[in-house]
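Dear colleague,

Please find below the structure that I am handing over to you. My notes on it follow directly after.

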Amino acid sequence: MGKHGQSLKGKIYSGRFYIMAVIVLVIIAVVLSQISSIDARNQQMQTLPSAPVVATSAVVESTSPTSTSTLVSSELTSSSLTTESSDTAPIITSTAATTATTATAPTVSPSIEPIPQASPTHLTVKGPGVKVDAIVKGMPYNANLEPESCSKNPKDVDCPNTAYWVEDSLGTAPGSDANKSTFILGHAWGEDFRVFNTMSNRALDGLDFAQVKKDKGCGVSPRAVYDITTLNDDVAMVSTEKGSLSYVVYKAFAVCKDNIAKIPSIWQPIPNRLVLIACATSADGLDYDYNIVVYAQLESSSPTKN
């Protein structure tokens, strides 16, 4: 090969080397660019604000009351008229209610012994000025949550002393592990004795009638409720063929009869809650177009001894 051929061959080799070098440099540039992009994304992720911690349950009634009466008093605003929101059941210990969480099952007390669910047969409610001693019978659900009037069944001599458990479509039978509320309804009447008279009378002792009058009757809102504290800590005892269950009142309120179906907390499936509902009547024999609604939470239970 002559000098001209050797020179041409050298140029070819030099060209190939140059092309390979360019390819290598391009590959290195691409790799460095990818690494830089990844580092930038990592740095951006590290500087993003952390997501807010969402509480599993919102405390809406009380921070940490030491008694049931403290629990309910802390629910009240400057006015006795409040707008109903989702209600809460207190966490029950062996002593009293300690806190409130939204629609969560209360902690089981050591004094709650296992009792299978069964139809209630008897109810007592005791507290200052309150003495309820009722036969309990079953009734079908109705939208007004009101038992049949005794005047419609005058031959039922037990009617004035009878409360009614809603058997279907609403709540459940009482028991130590009930997964919903138990609803017991009873009459109260100013003109004659009815089973829930003393409870209703005592409730109205705590009703702010000045506020009711200011609101011109059934309230400024379809969901207006008037909180009542005079029944706080009263004890309701429900008996079944399986045993007895003791509930402690933690909330009560008055609501217009026509609006009772619009109160969200009534329909919440709160485990081991007892809901008592009566007409509003005063000790001096006056009847009002309101219902008294009482919430009580299971505190203890005792099975029937064989």
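**Aromatic pairs and their surroundings**

The structure holds four aromatic pairs, where rings of Phe, Tyr and Trp (its six-membered ring) pair if their centres lie within 6.5 Å, and planes under 30 degrees apart count as stacked, over 60 as edge-to-face and the rest as tilted. One of them joins Tyr-250 and Tyr-295 in a tilted arrangement, with 6.2 Å from centre to centre and 40° between the planes. Tyr-250 belongs to strand E10 (residues 243-256) and Tyr-295 to strand E12 (residues 287-303), so this pair ties together parts that are 45 residues apart in sequence. Helices (H or I, at least four residues) and strands (E, at least two) are DSSP runs, numbered from the N terminus.

Please note that this is a predicted model: local features need pLDDT of at least 70, side-chain atom pairs count only at pLDDT 80 or more, and totals for chains, interfaces and linings use all residues. Residues are numbered from 1 along each chain as its sequence is written, and side-chain values use heavy atoms, with hydrogens and water left out.

Tyr-250 is buried, with a relative accessible area of 0%; buried means under 20% relative accessible area, exposed over 50%, and partly exposed in between (1.4 Å probe, protein chains only). Tyr-295 is likewise buried, at 0%. The rings of Tyr-295 and Phe-253 have centres 5.6 Å apart and planes at 75°, so they form an edge-to-face pair. This pair also links distant parts of the chain, since Phe-253 lies in strand E10 and Tyr-295 in strand E12, 42 residues apart. Phe-253 is buried with a relative accessible area of 0%.

**Strand E8**

Strand E10 is also joined to E8 by three bridges, and the two run antiparallel; strands pair if DSSP finds at least two bridges between them. Asp-227 stands opposite Phe-253 in E10. Five of the five residues of E8 (residues 224-228) are buried. Ala-224, Tyr-226 and Ile-228 are on one side of E8, and Val-225 and Asp-227 on the other.

**Nonpolar cores**

A nonpolar core is a set of buried Ala, Val, Leu, Ile, Met, Phe, Trp, Tyr and Cys residues joined through side-chain atoms within 4.5 Å. The largest has 41 residues, and those with the most contacts inside it are Leu-123, Ile-184, Phe-196, Met-199 and Leu-276. E10 gives the most to this core, with six residues. A second, separate core of 21 residues includes Tyr-250, along with Leu-145, Phe-183 and Ile-263.

**Asn-272 and the whole chain**

Asn-272 is found in the loop between helix H5 (264-267) and strand E11 (273-281), and is buried with a relative accessible area of 9%. Asn-272 and Glu-299 are 27 residues apart in sequence and 9.1 Å apart in space, C-alpha to C-alpha.

The protein chain has five helices and twelve strands. Of its 306 residues, 42% count as buried. Among contacts (heavy atoms within 4.5 Å) between residues at least 6 apart in sequence, 72% join residues at least 24 apart.

Yours sincerely
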